[in-house]
Amino acid sequence: MEEQKIIFSGIQPSGTITLGNYIGAVRNWPLVSELGFGIFSVVDMHAITVRNTPADLRARTLSTLAVILASGVDPEKNLVFIQSHVPAHAELAWILNCYTMFGELGRMTQFKDKSKQHADNINAGLFTYPTLMAADILLYNTDLVPVGVDQKQHLELARNIAIRFNGIYGDVFKIPEGHIPQLGAKIMSLSSPDKKMSKSDPNPKSYISITEGKDSIIKKFKSAVTDSDNKIEFSDTKPGISNLLTIYSVMTGCTVQEAVSRFDGRGYGEFKLAVGEAVADGLEPLRQKYEYFMQNKDYLEKIYTESADKACRLSYRMLSKVQKKIGFIKK
Ligand code: AMP
Ligand code: TRP
């Protein structure tokens, strides 16, 4: 029998979940979990690196959890918990901070981007964000981390921290591998296809929320920015059309080549409408399950409480091992 893999991933409750989050990450979580045991977390501690209204953060944490379940992750076989419920994450993050270099953190592109976006609040948490992410992953002997391509640099840092730590103390951490989808690892904004689709974009036309209604989805695809030569092909010089082809392929399960031949000779208007319909229809079952979970808050609470209990037990094993290795006295 093949070895069971441990899969870990996280998502911030920092706004509406976009089609980019879905295609690049969440959609793959139930699929990758088939390889073993999935541990999925709504990372609320990461989300406070930017300012939030407390009531909003609470609401978004629950709705993000509901999206993970609606995407098909089976909570009977996997864990779905809230990061702040498992204290070992913060505890290991502190330790890892002491094995991470200032220069390494300063090179993180997400830190540079977010420092520009939040110039009035460049706090220490924003800077050390990647060591908390490394702790999330390393606590569970994780083999695979399904993420979009924007998290590759953070993941590489987590691996480097683990290798450095193991170099000093012996084989403590398992070195995790990224699991980045071949198609759709970076879905671009509908209004500026040179930027990634992001829930923090102030222009709502730039992203699709995965719980949005059909009419609104179709409207946004109809107004998606493309070029003007009216030729449907996949190429670096046509970022708008290539993005739409990627989205269409993932949502309908065809290859990009098949999508290109399906729309050969047709106009952009017809193509955009087809993409909008594929997205709206593809997301409909998820939306219904999401509504169902949001109306069953007791069920959500049961899942996140039971999962956190298990995650606490698992993570304390690793934390204790690390504490012993570095010379902390057992209490
Ligand atoms: P975040 O919203 O930053 O918590 O991201 C959650 C997950 O979604 C991470 O694995 C990201 O890599 C992924 N992700 C975010 N935006 C996109 C995008 N535009 N395209 C593909 N994946 C994305
Ligand atoms: N930093 C990730 C993001 O912004 C979210 C995240 C936190 C994560 N901890 C993680 C992803 C651990 C994978 C594994 O998307």
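This dialogue walks through the fold and the two ligand sites of a predicted model.

Visitor: What ground rules apply to this predicted model?

Guide: Local features need pLDDT of at least 70, side-chain atom pairs count only at pLDDT 80 or more, and totals for chains, interfaces and linings use all residues. Residues are numbered from 1 along each chain as its sequence is written, chains are lettered from A and ligands numbered from 1 in the order in which they are written, and side-chain values use heavy atoms, with hydrogens and water left out.

Visitor: How many helices and strands does the protein chain have?

Guide: Helices (H or I, at least four residues) and strands (E, at least two) are DSSP runs, numbered from the N terminus. Here there are 14 helices and 5 strands.

Visitor: What does the radius of gyration say about the protein chain?

Guide: It is taken over C-alpha atoms, and the globule rule is 2.2 Å times the number of residues to the power 0.38. For 331 residues, a compact globule would come out near 20 Å; the chain has 21 Å, which agrees. Its C-alpha atoms fill a box of roughly 70 × 50 × 45 Å along the principal axes.

Visitor: Which residues are closest to ligand 1?

Guide: A residue is near a molecule if one of its heavy atoms lies within 4 Å of it. Ligand 1 has 17 residues around it; Gly148, Asp150, Ile187, Met197 and Lys199 are the closest. Helix α1 (residues 19-26) gives the largest share of this shell, 4 residues.

Visitor: Which polar atoms lie 2.8 Å from an oxygen atom of ligand 1?

Guide: A polar contact with a ligand is a pair of N or O atoms within 3.5 Å. A polar backbone atom of Gly148 is 2.8 Å from a ligand 1 oxygen. A polar side-chain atom of Lys199 is also 2.8 Å from an oxygen atom of ligand 1. A backbone N or O atom of Ile187 lies 2.8 Å from a ligand 1 nitrogen.

Visitor: How much of ligand 1 does the protein bury?

Guide: Accessible areas come from the Shrake-Rupley method with a 1.4 Å probe. Alone, ligand 1 exposes 490 Å², and the protein buries 94% of that.

Visitor: Which residues are closest to ligand 2?

Guide: Of the 13 residues surrounding ligand 2, the closest are Gln12, Tyr129, Met133, Asp136 and Gln151. The largest share of the shell, 4 residues, comes from α8. By class, the shell has 7 nonpolar, 5 polar and 1 charged residues.

Visitor: Which side chain has a polar atom 2.7 Å from a nitrogen of ligand 2?

Guide: That is Tyr129. A side-chain N or O atom of Gln151 is 3.1 Å from a ligand 2 nitrogen. Ligand 2 alone exposes 370 Å², of which the protein buries 91%.

Conventions:
A polar contact is a pair of N or O atoms within 3.5 Å; within protein, one must be able to donate a hydrogen and the other to accept it, and residues adjacent in sequence count only if both atoms are side-chain atoms. Ala, Val, Leu, Ile, Met, Phe, Trp, Tyr, Cys and Pro count as nonpolar, Asp, Glu, Lys and Arg as charged, and the others, Gly among them, as polar.
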